[in-house]
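Please walk me through this model, strand by strand and helix by helix.

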Amino acid sequence: MKLLVMGPPGAGKGSQSRKLVKEFNLTNISTGEMFRQSYERGENLGIEAMKFIDNGNLVSDEITNEIVRKRLFEEGKEEDFLLDGYPRTVAQAKALDGMLNEMNAKLDAVINIVVDKENILERMVGRRVCRKCGYTYHTKFKPSHQEGVCDKCGGELYQRVDDQLESVRNRLKIYEEKTRPIIDYYKGRGVLLNINGMQSFEAVYRDIKKALRDIT
Ligand code: AP5
Ligand code: MG
Ligand code: ZN
């Protein structure tokens, strides 16, 4: 299965993707997470990318397309995967089409998680992320057992720089300008699944699975 998970910043893409890849045995490809992990490893790519990410701006299409291509082709051809947070511009969507053509493959579904602005802001300010494994928590909706420590690996939990209000505002603006148009790009192909993201983690996941069952 080849899935794409879309939605505004803080919609719950990462949270839902984690469950989907586990249940359906998919390779998780999150461009945001790849950039953050690269930064944590002290690599040039991550350091350069973070200059854009911290302010809530997009990394260039060129760099982003390249890391996805590398992941899909050079590090062992992936049969089943889930893309979280890519594509984010129409140019990236076209680049992905090119890659899929080369693989002689197509997307089975594009899951679009719909959340309104108030929910997004609350989710962002409370989010905490593990420095070591990238697992995501929320101070109110999904607290770790011990404050500041990851349940999964014992790593330190931190607040993303781009979760500060200024950056969040910019990310929302960029989402509207650059990313929302992609919804129409996929709508015409009959693969788009709109999911109400303003429910509990479990209810969102249940709806995604139901929608996937209906199309397969
Ligand atoms: P990325 O990491 O992808 O950030 P994003 O798209 O802004 O999305 P988030 O990760 O912030 O949110 P999410 O939807 O995954 O929500 P989550 O599950 O964490 O990208 C970061 C940056 O990298 C971009 O701004 C850009 O600079 C760069 N980048 C990445 N991809 C790029 C690309 N393709 N092109 C160019 N640049 C790119 O949930 C959020 C919080 O809410 C959590 O605390 C969670 O616990 C909580 N929560 C989730 N669901 C629920 C629920 N149902 N109920 C209650 N709480 C919930
Ligand atoms: Mg995410
Ligand atoms: Zn961890």
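What follows is a tour of a predicted model, from its strands to its ligand and its loops.

Begin with strand E1, residues 2-6. Five of its five residues are buried, so E1 is largely enclosed by the rest of the structure. The side chains split into two sets. Lys2, Leu4 and Met6 point one way from E1, while Leu3 and Val5 point the other way. Both sets are buried. In a regular strand, side chains alternate between the two faces of the sheet.

Which strands pair with E1? One is strand E3, residues 81-84, which pairs with E1 in the parallel sense over four bridges. Val5 stands opposite Asp84 of E3. Another is strand E4, residues 109-114, also joined to E1 by four bridges and running parallel to it. Here Met6 has Asn112 of E4 as its bridge partner.

Now move on to E4. Five of the six residues of E4 are buried, so E4 too is largely enclosed by the rest of the structure. E4 also pairs with strand E8, residues 192-196. Five bridges join E4 and E8, and the two run parallel.

Turn to the helices. Which residues of helix H3 are buried? In H3, residues 44-53, they are Gly46, Ala49, Met50 and Ile53. These four lie on the same side of H3, because they cover an arc of only 110 degrees around the axis. The other side of H3 carries Asn44 and Lys51, which are exposed. Helix H2 (31-40) is part of what covers the buried residues of H3.

Helix H7, residues 165-179, holds Asn170. Is Asn170 buried or exposed? Its relative accessibility is 18%, so Asn170 counts as buried, the cut-off for buried being under 20%. Leaving aside residues up to four places away in sequence, Asn170 touches Asn55, Gly56 and Asn57.

A polar backbone atom of Ala11 is 3.2 Å from an oxygen atom of ligand 1. For Gly12, a polar backbone atom is 3.0 Å from an oxygen atom of ligand 1. For Lys13, the corresponding distance is 2.8 Å, again from a polar backbone atom to an oxygen atom of ligand 1. How much of ligand 1 does the protein bury? Taken alone, ligand 1 exposes 1,000 Å², and the protein buries 97% of that.

The loops hold some backbone details. Most residues other than glycine have a negative phi, and most peptide bonds are trans. Against that background, look at Asn25. Asn25 sits in the loop between helix H1 (13-24) and strand E2 (27-30). Its phi is near 55 degrees, a positive value in a residue other than glycine. Asn25 is exposed, with a relative accessible area of 65%.

Asn104 also has a positive phi, near 60 degrees, and is a residue other than glycine. Asn104 is found in the loop between H5 and E4. With 75% relative accessibility, Asn104 counts as exposed. The loop between helix H5 (90-102) and E4 contains Lys106 as well. Lys106 is exposed, at a relative accessible area of 59%.

Where is it? The bond runs from Tyr86 to Pro87, with omega near -5 degrees. Pro87 lies in the loop between E3 and H5. Tyr86 can also be placed against Lys106. The two are 20 residues apart in sequence and 15 Å apart in space, C-alpha to C-alpha.

Terms used:
Residues are numbered from 1 along each chain as its sequence is written. Chains are lettered from A and ligands numbered from 1 in the order in which they are written. This is a predicted model: local features need pLDDT of at least 70, side-chain atom pairs count only at pLDDT 80 or more; totals for chains, interfaces and linings use all residues. Side-chain values use heavy atoms; hydrogens and water are left out. Buried means under 20% relative accessible area, exposed over 50%, partly exposed in between (1.4 Å probe, protein chains only). The arc is that of the directions from the helix axis to the C-beta atoms. Contact means heavy atoms within 4.5 Å. A polar contact is a pair of N or O atoms within 3.5 Å; within protein, one must be able to donate a hydrogen and the other to accept it, and residues adjacent in sequence count only if both atoms are side-chain atoms. Accessible areas come from the Shrake-Rupley method with a 1.4 Å probe; for residues, only the protein chains shown count as cover. Two strands pair if DSSP finds at least two bridges between them.
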